Amino acid sequence: MTNRLRTGLIMLGSLTLLLAACGSRQAAGKSPSMHVRTTNNHTAIKGGTLDAAVVSNSPFTGTFAPEFAETTVDLNFAQFGLEPLFGVNRDYTFNQNGAATLRLNRHARTATIKLRRNVRWADGHKVVAKDVEYAYEILANKASNSSRYTDALANIKGMAAYHAGAAKSISGINLPQGDNGRTVILHFKALKPGMKRTGNGYIWEYAEPYHYLKNIPFADLAKSSRMRSQLLTFGPFRMTKVVNGQSVRYARNRYYYRGMPHLQHVNVETLASSKATAALKAKKYDVVFGMPSAQYTHYRRTSGYTMLTDQSMSYDYLAFNLGHFDQKTGRNVMNKHAKMANQKLRQAMLYALNVDAVVKKLYPGTRTRGTTLIPTAFGRYHLRTSGYTLNRTRARKLLDEAGYRKGKDGYRTDPDGHKLTVHLAVMQGDDTSDAMYADFMQQWRKVGLRVRLTTGRPIEFNSFYKMVAANPATIDIIAGSWSLGAEPSPMALYGPQAPYNFSRFVSKRNTQLLEEIDGSRAFSDGYRVAVFKRWQKYMLNEAAVAPLTYGVTVLPVSSRVKDLSLKPDNHWDDVAVTSASR
């Protein structure tokens, strides 16, 4: 299944965090052993070209800038040039080894960012304080229409006023040495415990070249060639050629602050899922992102490749449409008359599914049934529970109690006696994902529910999320997927102001728990773990959104590739090849 930024919210510059976006968490049946690093001990050649592919059944959109990127596919193409400001340890906490350092002051409620002296954009210009501030302006400016602006970023003082158009600048961002200095101080309403980890959502981890973009109106930035095919970055490689929707070619960034990358060029192109396994067997690529998990048994022993594997911070889910997102107020609004507003209906639909059987048959070795909205890869933050397992008797009882009666045709009506048809929106994938959703509809039929695909068929990937964001009445359930950053706070996905809260579920209790997860008391990790578990229990019971599957990241890597790792402290400039051909 092709993934959305699965989300949230990948923080992509360190290699593994983007790779984790390509699969799903724990295995069904026998899991592949975790093998996170290449074992090639041969001498690297000077230069060389890495040929990579990104599995996608649709052309990439070319929205490469992280402030606007909506899909993992686009970010997989952009990862060789994009790099975050901050270095990351193997436990995903920030270190002082990146392009900038980050220091938190709980007493002053500030974060101080200091850029290295030798960090330069690929055109030779220095990365300066204004570039850091400008990225926040892009996120928050109303005209930008960036879906990355969330409740979390509004924690910076003055951010909400700037977003609302009530201020011309963000008062909580201070540049003590001026625009061309190296220091940025962020002033927060409150410091959050997750700020010590990458992907926290409160601190944006990227800069944008103000000198290069300043003459483009905010409203035009997302579609500008300078944010797409001519993206300017300070990472190890620079874009030299983009064939829209198909391929990207990179060359070394000679100004890269960590020194000259080993590789001279990187070529990346799209690869249809139906051709992925054959391409591996033909040794066409050095690395392939997003290999279909359903094909794992066919490619896992491919000669000339190592399958790098690790736990993934991602999950597939069902979201029940309960309202809409108010563009004027920037808030999610529930509709008590929504078709899926009845909690017992939602619970019944989840009890009707046999996800264990689906993953065992369709995804052996790469998926297991999801149980909560915090995947098991997050360790002690994950609540150990069985979640929703197949129980048709309970599903039928819930439907009966809620007044959904069976008619003569065997299908249930709504409590008012009207015909009930539930519309499910799914994205275009492959035969296996089609089979999974067909199974779901059959399972719902067994408890008397008529479920149909929203458009009669899976929706093309790029069109899918545009339709979901528009929130039409023709969508009752959304089948989607998220890739998460290493900081597990769910505020950016399920908060009252989160555009990505596709169920539009809002309640005082949900907001309270989310605020407690990110509150000052949660600097005590034991307290934070306990609140995480309370939130997971609450969301399971509400059944507004429910996980379907977890999986593992599987990355096929050619035997000629050296020093590639799925761990977050790895960088693309570390990677080399040891022979001219595969």
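User: Are H9 and H11 roughly parallel or roughly antiparallel to each other?
Analyst: Helix H9 and helix H11 are roughly antiparallel to each other. Their axes cross at roughly 160°. Angles over 145 degrees count as roughly antiparallel, under 35 as roughly parallel, 65 to 115 as roughly perpendicular, and the rest as oblique.

User: Before we go on, what am I looking at?
Analyst: This is a predicted model, where local features need pLDDT of at least 70, side-chain atom pairs count only at pLDDT 80 or more, and totals for chains, interfaces and linings use all residues. Residues are numbered from 1 along each chain as its sequence is written, and side-chain values use heavy atoms, with hydrogens and water left out.

User: Where are H9 and H11, and within what distance do their axes come?
Analyst: H9 covers residues 343-351 and H11 covers residues 392-401. Their axes come within 8 Å. Axes are lines fitted to C-alpha atoms, for helices over the stretch in contact; angles run from 0 to 180 degrees between N-to-C directions. The labels come from DSSP runs numbered from the N terminus: helices are H or I with at least four residues, strands are E with at least two.

User: Which residues of H9 and H11 meet?
Analyst: From H9, Lys-344, Leu-345, Gln-347, Ala-348 and Tyr-351 take part. They meet Arg-392, Arg-394, Ala-395, Leu-398, Leu-399 and Glu-401 of H11. Contact means heavy atoms within 4.5 Å.

User: What about H15 and H16? At what angle do they cross?
Analyst: The axes of H15 and H16 cross at roughly 155° and come within 9 Å. That makes H15 roughly antiparallel to H16.

User: Which residues of H15 are buried?
Analyst: H15 runs over residues 508-517, and its buried residues are Asn-510, Thr-511, Leu-513, Leu-514 and Ile-517. Buried means under 20% relative accessible area, exposed means over 50%, and partly exposed is in between (1.4 Å probe, protein chains only).

User: Why do those sit on the same side of H15?
Analyst: They cover an arc of only 165° around the axis, which puts them on the same side of H15. The arc is that of the directions from the helix axis to the C-beta atoms. An α-helix has 3.6 residues a turn, so residues three or four places apart point the same way.

User: What covers the buried residues of H15?
Analyst: The cover includes helix H14 (491-494) and helix H16 (525-542). Among the H15 residues that meet H16 are Leu-513, Leu-514 and Ile-517. Their partners in H16 include Val-531, Phe-532 and Trp-535.

User: Now H10. Which residues are buried there?
Analyst: In H10 (residues 355-362), Val-355, Val-358, Val-359 and Leu-362 are buried. Their arc is only 90° around the axis, which puts them on the same side of H10. Lys-360 and Lys-361 are exposed on the other side.

User: What do the buried residues of H10 pack against?
Analyst: They pack against strand E16 (367-369), helix H12 (431-446) and strand E20 (545-558).

User: And H13? Which residues are buried, and which are exposed on the face turned away?
Analyst: Phe-461, Asn-462, Phe-464, Tyr-465 and Val-468 are the buried residues of H13. They cover an arc of only 160° around the axis, which puts them on the same side of H13. The face turned away from that buried side carries Lys-466 and Ala-470, which are exposed. The cover over the buried residues includes helix H2 (72-78), strand E17 (422-425) and E19.

User: Where is Ile-475?
Analyst: Ile-475 lies in the loop between H13 (461-470) and strand E19 (477-483). It counts as buried because its relative accessibility is 2%. Leaving aside neighbours within four places in sequence, Ile-475 is in contact with Asn-321, His-423, Ala-425, Thr-454, Met-467 and Val-468. His-423 is 52 residues away along the chain, yet the two C-alpha atoms are separated by 5.5 Å.

User: Which residues touch the most other members in the largest nonpolar core?
Analyst: Phe-80, Tyr-136, Met-349 and Trp-444 do, in a core of 169 residues. A nonpolar core is a set of buried Ala, Val, Leu, Ile, Met, Phe, Trp, Tyr and Cys residues joined through side-chain atoms within 4.5 Å. A second, separate core has 15 residues, including Leu-271 and Tyr-305.

User: Last one. What is phi of Lys-283?
Analyst: Phi of Lys-283 is near 55°, a positive value in a residue other than glycine. Lys-283 sits in the loop between helix H7 (273-281) and strand E11 (287-289). At 31% relative accessibility, Lys-283 counts as partly exposed.
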